[in-house]
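Student: Could you take a close look at one part of this model for me, and then connect it to what surrounds it? I would like the cut-offs alongside the descriptions, please.

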Amino acid sequence: MKSKKVAFYGILGALSLVLSFFESVLIPAVPFLPPGAKLGLSNLVTMYAASVGGFFGGMYIVLIKSAFALVTRGVTAGFMSLAGGLLSCVAVCLLIKKEGKVFSFFGIGVASAVMHNLGQLVASCIITGTPALLGYGKYLMVFALITGSVTGTALLLIMPRLKAFSPDRV
């Protein structure tokens with residue numbers, strides 16, 4: 001069973017990297033969006049992994065994505081990816097237990113996006129030593145509401161089909 005779980009999370013890690021790559025290549029930068037803003041399609045994989053594997057399942061995907069960012073784009077990108085992913089994963093794990101009672105996947109997607117952007121904002125303040133960057137947060141939070149709505153809705157639609165692929169059933 002352990003080898004099946006390793007393979008399962010390996011496939012999810014690869015899927016998250018592929019989604020991130022396609023998102024970067026296929027979706028052009030939009031001039032009025034904040035710099036570096038992305039839809040966050042790979043966060044679908046993190047939310048799914050956290051929902052079926054708990055905190056450690058989600059963190060495995062976060063670590064894979066952060067390591068990839070570190071290797072391909074440098075220390076700053078790796079640190080920002082880790083900071084955003086960690087807060088996002090914690091939010092998902094805290095809210096996923098309440099899914100269906102208080103929060104749907106829609107709400108979880110929004111909370112995840114908000115926390116991811118918050119983590120990256122705090123990381124950028126630490127890296128630059130410039131707390132004034134927190135003023136940029138209001139724009140990021142509006143964008144997070146939009147992107148979190150999209151990814152949360154997507155997860156809401158595909159989650160019933162994905163439950164058949166949980167590591168316990170693989």
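Predicted model: local features only at pLDDT ≥ 70, side-chain atom pairs only at ≥ 80, totals over all residues.

Tutor: Gly 137 lies in helix 5, which covers residues 137-162; helices here are DSSP runs of H or I with at least four residues, strands are runs of E with at least two, and both are numbered from the N terminus. Gly 137 has a relative accessible area of 7% and therefore counts as buried (buried is under 20% relative accessible area, exposed is over 50%, and partly exposed is in between, with a 1.4 Å probe and protein chains only). Residues are numbered from 1 along each chain as its sequence is written, and side-chain values use heavy atoms, with hydrogens and water left out.

Val 92 is among the buried residues of helix 3, as are Gly 84, Gly 85, Cys 89 and Cys 93. Helix 3 runs over residues 75-96, and its 22 residues reach 31 Å from the first C-alpha to the last, close to the 32 Å expected (the expected span is 1.5 Å times one less than the number of residues). Its buried residues pack against helix 2 (42-73) and helix 4 (105-128), where contact means heavy atoms within 4.5 Å.

Let's take those two partners in turn. Two packed helices are described by the angle between their axes and the distance between the axes. Helix 2 and helix 3 pack at about 175°, with axes 7 Å apart; axes are lines fitted to C-alpha atoms, for helices over the stretch in contact, and angles run from 0 to 180 degrees between N-to-C directions. That makes helix 2 roughly antiparallel to helix 3 (under 35 degrees is roughly parallel, over 145 roughly antiparallel, 65 to 115 roughly perpendicular, and the rest oblique). By class, their contact has 17 nonpolar, nine polar and two charged residues; Ala, Val, Leu, Ile, Met, Phe, Trp, Tyr, Cys and Pro count as nonpolar, Asp, Glu, Lys and Arg as charged, and the others, Gly among them, as polar. In helix 4, Val 122 is partly exposed at 38% relative accessibility, and its C-alpha is 15 Å from that of Ala 144, 22 residues away in sequence.

Back in helix 2, Ser 42 is buried at 7% relative accessibility. Beyond neighbours within four places in sequence, Ser 42 is in contact with Ser 16, Leu 19, Ser 20 and Lys 65. Ser 20 belongs to helix 1 (residues 2-26) and is buried as well, at 19%. Leaving aside its own neighbours within four places, Ser 20 touches Lys 38 and Ser 42.

Finally, the aromatic rings: a search of the whole structure finds five pairs. Phe 55 and Phe 56 have ring centres 5.6 Å apart and planes at 75°, so they are edge-to-face (rings of Phe, Tyr and Trp, the last by its six-membered ring, pair if their centres lie within 6.5 Å; planes under 30 degrees apart are stacked, over 60 edge-to-face, and the rest tilted). Phe 55 is partly exposed at 33%, whereas Phe 56 is exposed at 70%. Phe 8, Tyr 9, Tyr 48 and Tyr 60 form one aromatic cluster.
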